[in-house]
Amino acid sequence: MAMSSSKKSCLLQALLMISALAVAAAASSGQPSPGASAPANLTLHNLCPYPVWPLVIANSGVPSLPTDADGEPVGRLDGNGEGLATLAFPAGAWSGRVVARTGCAADEDGDEVVGRCATGDAPPVTVAQVSVGGPGGLAAYSVSLVDGFNVPVVVTPHGFAEGRRCPTLGCAADLAAGCPVGARAPGGGCGAGASQAAAFKARCPDTRTNATDVEATPQDCVAPGEIKVVFCPAPDSVATHASLA
């Protein structure tokens, strides 16, 4: 008997929850998950025509990521492809979120943010969710629009195990451009809500827009050598449907 789409969604959510629990357990024990491969890298690349100040936030019970090659936390990433940073995931399991802040006031070096940014410190914000080092080297990733939208984001694994499905997922469309007046945030971006969730999903099917949502494109990714998060990617980098407006 064929499995309904709702049952498939529930099954995938359960598998991802099991993976996340295994990641947290492995991280708290300080031991790699069984069958886990060597630690991967997290690369952040800014293709937006403006700078962003990324935040990489580890989930509860998971160690923070090491700093970049210069020994500093990721600061300002300049726009138009010039801003690029690579971080090493710690050995074992790791899970967390990546967001891009925009319109920030910074110190003289441009790295340390002073005060609040125009977007990214609070919703609406686009959130990349990443989990690596799960059982057998399992990796899981997604782009969530549950908290609204501030910057187009896609996640692309590289160097993964042969025969595995590690597609590019996320949203390459500027959802703020067609945002209804009532959902627009003062600093930019587009707020979430039931009506907006449907509009977001119609434009960007490979995102998550509510607690039970999954991407239209399935993933089964094991042992990627790199997880790359791209801000303002090329429009053809992921499935994006034309505006319904």
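Start by selecting Cys179 and Cys190: they form a disulfide (a pair of cysteine sulfur atoms within 2.5 Å), with their sulfur atoms 2.1 Å apart. The torsion about this S-S bond is about 80 degrees, so the disulfide is right-handed. Cys179 and Cys190 are 11 residues apart, both in the loop between E8 and helix H2 (194–203); helices (H or I, at least four residues) and strands (E, at least two) are DSSP runs numbered from the N terminus. Cys179 is buried at 2% relative accessible area, and Cys190 is buried at 0%; buried means under 20%, exposed over 50% and partly exposed in between, with a 1.4 Å probe and protein chains only.

A word on what you have open: this is a predicted model, where local features need pLDDT of at least 70, side-chain atom pairs count only at pLDDT 80 or more, and totals for chains, interfaces and linings use all residues. Residues are numbered from 1 along each chain as its sequence is written, and side-chain values use heavy atoms, leaving out hydrogens and water.

Next, pick Cys166 and Cys221, another disulfide, with sulfur atoms 2.1 Å apart. Its torsion is about 105 degrees, so this disulfide is right-handed. Cys166 lies in the loop between strand E7 (153–158) and strand E8 (169–171), while Cys221 sits in strand E9 (residues 221–222), 55 residues apart.

Now move to Cys104 and Cys117, joined by a disulfide with S to S 2.0 Å. In total, the structure holds five disulfides.

Finish at Phe89 and Trp94, both buried.
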